[in-house]
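Have the sequence and the 3D view ready.

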Amino acid sequence: MAVLNDEQVMLRDMAREWADNESPVAAFRKLRAAAPAEGFDRDAWGAIGQMGWAGVVIPEEFGGSAFGYLSLGLVVEQLGRNLSASPLASTAVAASAIVMGSSDKAKTDWLAKLAGGEAIATLAVDEGPNHDRNFTTTKVGNGKLTGTKPFVAEGDSADVFVVAAEDGLYLVARGEGVTVSHRSMADERSHAHVAFQDAPAEKLGGPELTAAVLDRAAAITCAEMLGMAESAFAQTNDYLKQRVQFGQVLSTFQALQHRMAKQFTELQLMRSAVEGALEAIDAGRSDVDQAVSLAKATAGETLRLVSREMVQLHGGVGMTDEYDAGLYLKRATVLEVMWGNSAWHRDRFARLNGY
């Protein structure tokens, strides 16, 4: 488990309080019913920007706080607990690509806006339903980028895209040469099909930057998954303690106690792996790739277990929209495959260790 400093504890507690009061699951249900084109609440995003969370991994000289990825993960985890629909994770990771990139113009043009929540950024990487960071047909010639990215999270509202091409990462602003179409997914969040046709592009870096940024994207996705898993477990535990069947409270049944105990132990392992990956990024360790793959493989398997157990242990009502179990299951299904599923990361971890 990560040892937090005083600032990180305050940040985590503030994020938890805000998420519970201002962005509970009920807020997501309200957003789902309203179905805004951008896929999130603009007022909530404005509040996140004012609190400085969008700039947690952006240097102070550009209006950020440079608190690091563990701190960002703490915030994203708290938002994940309540299924908060926010472009924070995508914007922060895309901002990291700009920070780590070689373009001073991109830094000057975008980082201050991203840190203040005035602009939204996202990654446009995969060209198919399965993650494959070694495959792309997107090409760049004479400063113009052409390619198609069918699965872009937060793509509906993004002002700028960090796009993976054959020779590295490029920054492309929404506008000339960019066509965005909404894509419906199981979690009912913002996903888009984005087509680039001779779009003006600024190079950020080569394949090594692509790999580093994708590891950061996977690690932050794990943080959201951790928050979801912890919340799903807590809700199921509370339900078992108050639901009476055959004249007994469900939590007194030994078979159900065993199932909850298994989830609890898996959650502890998940937290250790996820926080370990975030700490590895902040420390600049040489084994970041291994730590991230371990975290994503563990997070995918654990969230799959906990979200499915949430539905099953709520019984028949767990399958209804009135209860939140289905919402967690649907979001989990999307996050499991984002930036590589458990099988992909287990295979990668083995290859990195010479197997």
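Helix α5 passes helix α7 in a right-handed crossing; a crossing is right-handed if the near helix is turned clockwise from the far one by less than a right angle, and left-handed if anticlockwise. You'll find α5 at residues 88-100 and α7 at residues 207-242, with axes that come within 10 Å and cross at roughly 155°. Those axes are lines fitted to C-alpha atoms, for helices over the stretch in contact, and the angles run from 0 to 180 degrees between N-to-C directions. So α5 and α7 count as roughly antiparallel, the word for angles over 145 degrees. On the α5 side, Ala89, Val93, Ser96, Ala97 and Met100 do the touching, and they meet Leu209, Ala212, Val213, Arg216, Ala217 and Ile220 in α7. Sorted by class, that makes 9 nonpolar, 1 polar and 1 charged residues. Here Ala, Val, Leu, Ile, Met, Phe, Trp, Tyr, Cys and Pro count as nonpolar, Asp, Glu, Lys and Arg as charged, and the others, Gly among them, as polar.

A few ground rules before we go on. This is a predicted model, where local features need pLDDT of at least 70 and side-chain atom pairs count only at pLDDT 80 or more, while totals for chains, interfaces and linings use all residues. Residues are numbered from 1 along each chain as its sequence is written, and side-chain values use heavy atoms, with hydrogens and water left out. Helices (H or I, at least four residues) and strands (E, at least two) are DSSP runs, numbered from the N terminus.

Next, look at α8 (residues 254-283) and α9 (residues 288-313), which pack at about 150° with their axes 8 Å apart. That is why these two are roughly antiparallel to each other, and α8 passes α9 in a left-handed crossing. Their contact has 19 nonpolar, 4 polar and 4 charged residues.

Stay in α8 for a moment and pick out Leu278. Its relative accessibility is 2%, so Leu278 counts as buried (under 20% relative accessible area; over 50% is exposed and in between is partly exposed, with a 1.4 Å probe and protein chains only). Beyond its neighbours within four places in sequence, Leu278 is in contact (heavy atoms within 4.5 Å) with Tyr69, Leu70, Gly73, Ala219 and Ile220. Gly68 sits 210 residues away along the chain, yet its C-alpha atom is 8.5 Å from that of Leu278.

Now follow α9 to its other partner here, α11 (residues 342-352): they pack at an angle of about 150°, with axes 8 Å apart. That makes α9 roughly antiparallel to α11, and the crossing is left-handed. The contact includes Asp289, Lys296 and Glu301 of α9, along with His345, Arg346 and Phe349 of α11. By class, the residues divide into 4 nonpolar, 5 polar and 6 charged.

With 11% relative accessibility, Arg81 counts as buried. Its side chain joins that of Asp20 in a polar contact of 3.2 Å; the term covers a pair of N or O atoms within 3.5 Å, where within protein one must be able to donate a hydrogen and the other to accept it, and residues adjacent in sequence count only if both atoms are side-chain atoms.

Trp339 is not a glycine, but has a positive phi of about 60°.

Definitions and conventions: Parallel < 35°, antiparallel > 145°, perpendicular 65-115°, else oblique.
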